[in-house]
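Here are my notes on the model you sent over.

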Amino acid sequence: MSTQDDQALADEWAAALEETGDAGQADIDALLAADSGNSASNRLPMEEFGSVPKNNDPVSLEGPNLDVILDIPVSISMEVGSTDINIRNLLQLNQGSVIELDRLAGEPLDVLVNGTLIAHGEVVVVNEKFGIRLTDVISPSERIKKLR
């Protein structure tokens, strides 16, 4: 880019800044002071996103509010168990290594959606593919409580 191009660009920026006016810190302070003079009681209290409705109505999947999000894809995973190991042991793992998990044999698996527990289940084979049969599903209201 030449110095002539640099000067043209600088002139364009200068013209754009002049068009916006020169609202200084004094103008901003005046707006803040006027806003603080208003009664705070006129404002509605903020509520957390995903909070349980205050009227304690049961959560349902009906109504226009949830129609927007019903087609959003989520990641579902099944967790057999977990354990913590240090990096030294992780690097020593090879084919045939056994990792001890925190679950007993025969315990149900956790079904997680985007990392949130929604159900427990057991492994089944359907048409030569693994599947999971849900044995215990956590209610929607309980799931919402866990989000808090």
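1. Strands β3 (residues 116–126) and β4 (residues 129–137) pair antiparallel over eight bridges. Pairing here needs at least two DSSP bridges between the strands, while strands are DSSP E runs of at least two residues, numbered from the N terminus. Within this pair, Val126 has Lys129 of β4 as its bridge partner. The β3–β4 hairpin has two residues between the strands, and Asn127 takes a positive phi near 50°.

2. Before going further, a word on provenance: this is a predicted model, with local features needing pLDDT of at least 70 and side-chain atom pairs counted only at pLDDT 80 or more, whereas totals for chains, interfaces and linings use all residues. Residues are numbered from 1 along each chain as its sequence is written, and side-chain values use heavy atoms, with hydrogens and water left out.

3. Next, β2. Strand β1 (residues 76–79) is joined to β2 by four bridges, running antiparallel, and β2 is joined to β3 by five bridges, again antiparallel.

4. How enclosed is β2 by the rest of the structure? Largely, because four of its five residues are buried, where buried means under 20% relative accessible area, exposed over 50% and partly exposed in between (1.4 Å probe, protein chains only).

5. Asp110 deserves a look. This residue sits in β2 (residues 109–113), opposite Glu79, and counts as buried because its relative accessibility is 12%. Leaving out residues up to four places away in sequence, Asp110 touches Ser77, Met78, Glu79, Arg103, Leu117, Ala119 and His120, with contact meaning heavy atoms within 4.5 Å.

6. Last, Leu101. This residue lies in the loop between α4 (87–91) and β2, helices being DSSP H or I runs of at least four residues. Leu101 counts as partly exposed because its relative accessibility is 34%.
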